[in-house]
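Please keep the sequence and the 3D view open as you read.

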Amino acid sequence: MRVELIKTYKSVHTWTGILAGLFLYIAFIAGALTMFKGPLNQWALQPETTLPSISVNQYDSLISEVLQAHPEAAKQMTVQLPLAGLKAAPVSWEIEDEETHGHTLWYASFNEKGELITQSFTVSAIGEFVDHLHRTAGIPGGEGHDAFGTYVLGVVAALYFVALISGLIVFLPTWFKDLLVLRKGKNRKRYWLDFHNVLGITSLPFHLIIAFTAFVFAFHDPLYGALRVAVYGDSPMFTRPAPAEVKSFSELVPVAELETAIQEREPKFQMAEILYMGLDTRSPRMRVGGLMHGEVVRGAEYAYVLGNPYLREVPYSSILPSNFNGYSGTVVSIFSLHFGNFGGNAVRWIYFALGIMGALIFFTGNLLWIESRRKKRRGQDELPVQTTSSMVMARLTVGVGLGTILGIAVSMLTVKWLPHAQVDIEFWQKAAYYSGFFLAVAWAFIRRPMVAARQLLIFCTATIVLIPISSLIKGELLGAVTPVWAVDLVALLIGISFILVLACLRKRQSKIEPDSVWSEIAEQSDIENDIASPLPNTHPQASG
C-alpha cells in the first residue's frame, strides 16, 4: 500500500478519533456499568421507600385492589414479579398532572395483615441514570429517544466506525510485526501506540458491533420513518387489532394463566414483569417481560411478549426466540449484541471489561495525539513550548476522564445518604453527577495536567472507597442480597486499582521530560520566572 495512502488513512483515524473520543469515553464507562443496571438500582433502594414483597399467588388480588382504589393506574401500571428481584414495590404507576405535566409515582403492596398499602415517593434508580449517561454522554436536552445527546452520540458512532476502519487499514501493513506486541522502553509514544493497538485489535469485533448498533439506536425513529415512506407508502407497517369494547378490570387474565399461555409458545420464558397500558380503553395493551437465560432476547434484561391483557392468546410473539422469523431474528440479534444479554453474568462481565477497554482506547488515543505534537516540535527550539491545542487536549483528557468517574461516584454517595422519602432524589443524583464532573474539568484547567491528574485521582479514590464504607456504616451489608454487596465489593476493587495507578504515576513523575505537557517543571518554572530565574539550558533526555 502506498505511503501517501497510509498517511491519509492515519489522518482520518486520528481526527475522527479525536472528535469522537471524549464522548465515547463517557459512553463506554457508563455503558460498562450499565451491564449491572439492575444490581445498581437494588443497591440504591432505601427501607423508607421500599414496600413489602408479596407471594406469587397474591398478585392478582393486589392488581385488582389497586385498580379499584386507584382507577387512574389503568392508564399505565407496572407489576414486578418475584423473579424481577428486589424492587421498590410489587406494583407501581405514574400520574401526570394535566396542567404542569409533572409526574407523580405511586407504589402499592400488602402489609402483614394483607391490607392494601399505597405510597407516593421517588426512587433513585441510579442504574437508569447511568444508562442515560451511556446513551447521551450526559449532554442535556430532551428525554428518552428524543434526547439531544442520543442524536449527538449517533453522529459520534458514525465517526467511531470510520475511525475503526481507518485504524485497521493503517495497522494492516505491520500486522504480523506488531500484533499483540507491547514494547516497554524509553520511547513512550511507541509504548502507548502498542497499547492502543492491542486494545483496538483484541476488541475490534465488539467495537464494530457497538458502533453500528449505536448508530441504529440513535436514528431508530428517522430510519423507521424513511422505511415507512419508501417501502410501505400509505399502508401501515404494523397491523393493529381492531378496537373492542371496554372490559371490566375483573376480566384481566390472571398472572399464572398468562404465564402458562406464554410458556405454551416459549417453554423457557420465566415471567418477571408486566406493563399494563390503557386497561380502561378500547385498545388495552400489555408488555410482558421474562427471563430466558442463555437466549438472544429483545431487551437489555428480558425477552418480551406483547398482547391484550384481557385475552389468553399471545398474538405478537415473533420477538420470542422460538418464533423468530428472518426480520425479527435479525433485529433482536442486533439489540442483543449491543446489550450483551445472551450469556448470563459471564457475558455481562466480558462486556464490562470490553467497555473499560473501549474507554482506554480513546484515552490512549488522546495521549498519542499529544505525544505526536511534542515530537513534531522538537528540533525547533531547545526546549519547545507545547501548543495550546496540546495543553487543552491534555486538560480535557484528565478532566473528562476522571470527571466522569468522580461524577458517578459522587452521585452514588448522594443516593446512599440523602433520604429518598424527603427529597427529589432523581434531581439530586443528577446534580451530584454534574457537580463532580464539572469540578474535575475545571480543576484540570486550573492546575497543570499531571498535578490535576494526581489530585483528582486521589479524590476519585477516596470517593469510590466511601461507597462500600457508607453501606457498612448504614448497616446495609448484613443480610443484603448478592447483587447489593457485589456493587460495594466492585467499588472497593476499583478504589484499590486507582491506588495502584496513583503509585505508578508517582513512580513515573521524575522521568517525564520538561517539554511534555505532563511535566511539572514548567509549573515550577512559571514560579521561578516570577522571580526572574530562567529555565535551565539542559534537561534530562529520558522519554516522557
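Let us begin with charges: Lys37, Glu128, Asp131 and Arg135 are linked in a network of salt bridges, a salt bridge being a side-chain nitrogen of Lys or Arg within 4 Å of a carboxyl oxygen of Asp or Glu. Side chains of opposite charge can pair when their charged atoms come close. The model is a predicted one, where local features need pLDDT of at least 70 and side-chain atom pairs count only at pLDDT 80 or more, while totals for chains, interfaces and linings use all residues. Residues are numbered from 1 along each chain as its sequence is written, and side-chain values use heavy atoms, with hydrogens and water left out.

**Salt bridges**

How many salt bridges does a search of the whole structure find? The search gives 9, and the table shows some individual pairs.

| Pair | N to O distance |
|---|---|
| Lys247 and Glu251 | 4.0 Å |
| Arg312 and Glu257 | 2.5 Å |
| Arg287 and Glu273 | 3.5 Å |

Arg312 sits in the loop between strand S7 (303-307) and helix H11 (326-339), and Glu257 in helix H10 (residues 255-265), so this pair ties together parts that are 55 residues apart in sequence. Helices (H or I, at least four residues) and strands (E, at least two) are DSSP runs, numbered from the N terminus. Arg312 is partly exposed at 46% relative accessible area, and Glu257 is partly exposed at 35%. Here buried means under 20% relative accessible area, exposed over 50%, and partly exposed in between (1.4 Å probe, protein chains only).

The salt bridge of Arg287 with Glu273 links distant parts of the chain, with Arg287 in strand S6 (residues 285-291) and Glu273 in strand S5 (residues 270-277), 14 residues apart. Arg287 is partly exposed at 28% relative accessibility, whereas Glu273 counts as buried at 11%.

**Pocket and cavity**

The second largest pocket has a volume of about 1,100 Å³. On a 1 Å grid over the protein atoms alone, a pocket is an open set of points with protein on both sides within 12 Å along at least five of seven lines, a cavity is a set of points where a 1.4 Å probe fits but cannot get out, and lining residues have an atom within 4 Å of a point. Of the 40 residues lining this pocket, Lys10, His13, Thr14, Leu193 and His196 lie nearest its centre. Helix H1 (3-34), helix H5 (148-171), helix H7 (188-202) and helix H12 (344-377) each supply at least two lining residues, and H1 gives the largest share, 11 residues.

Which residues line the largest cavity? They are Gly21, Leu22, Tyr25, Phe362, Phe363, Asn366, Thr397 and Gly401. The volume of the largest cavity is about 50 Å³, and H1, H12 and helix H13 (388-417) each contribute at least two residues to its lining.

**Two buried residues**

Ala137 lies in the loop between helix H4 (126-136) and H5. The phi of Ala137 is near 60°, a positive value in a residue other than glycine, and Ala137 is buried at 8% relative accessible area.

Asn41, placed in helix H2 (residues 37-44), is buried too, with a relative accessible area of 16%. The C-alpha atoms of Asn41 and Val123 are 8.8 Å apart, although 82 residues separate the two along the chain.

Note on methods: Grid points are joined across faces, edges and corners, and a volume is the space filled by probe spheres set on the points.
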